[in-house]
Amino acid sequence: MKKVKILIAAFFLTILGVNASTNNISTFEENPVRPNEVLRGEIANLIGNEFPFECEYENTIQVVFTLNSNNELIVISTDTNQKEVDHFIKNKLNYKKVSFEVNRNEKIYLVPIRVSKS
């Protein structure tokens, strides 16, 4: 069991390393699918309207994610260079369960998240 945990941790560190080095959405997906309105609404509810950081201008962040077999969101990448924004989005969305039914033909999703100054 300990070896499995170490292997999983190494896998995620590798994925994070690739993400940090490229920070390019196109390396993670072939043809991302825009989620339907129900899933977009659930994501909006998970993120909320309160941001723990200051925004100087309105910004739209493209978030690439997938859903696992338990209908949990797994954030693959964001197109922001701001670490606090990236961390905030991943913290709010990663492993949060949604009611959206997984379609195995659609593996990667892309959703824009608008962050505006308060």
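**Strand pairing and the aromatic pair**

Strand 1, residues 59-67, pairs with strand 2 in the antiparallel sense over 5 bridges. Strands here are DSSP runs of E of at least two residues, and helices are runs of H or I of at least four, both numbered from the N terminus; two strands pair if DSSP finds at least two bridges between them. Within this pairing, valine 64 stands opposite serine 77 of strand 2.

This is a predicted model, in which local features need pLDDT of at least 70 and side-chain atom pairs count only at pLDDT 80 or more, while totals for chains, interfaces and linings use all residues. Residues are numbered from 1 along each chain as its sequence is written, and side-chain values use heavy atoms, leaving out hydrogens and water.

The open sheet has 3 strands in the order 2-1-3, with antiparallel pairing. Its edge strands, strand 2 (73-78) and strand 3 (109-115), each pair on one side only. From one strand to the next, the twist averages 40 degrees; axes are lines fitted to C-alpha atoms, for helices over the stretch in contact, and angles run from 0 to 180 degrees between N-to-C directions.

I turn now to the rings. How many aromatic pairs does a search of the whole structure find? The search finds 1, where ring centres of Phe, Tyr and Trp (its six-membered ring) must lie within 6.5 Å, and planes under 30 degrees apart count as stacked, over 60 as edge-to-face and the rest as tilted. The rings of phenylalanine 65 and tyrosine 109 have centres 5.4 Å apart and planes at 20 degrees, so the pair is stacked. Because phenylalanine 65 lies in strand 1 and tyrosine 109 in strand 3, the pair ties together parts 44 residues apart in sequence.
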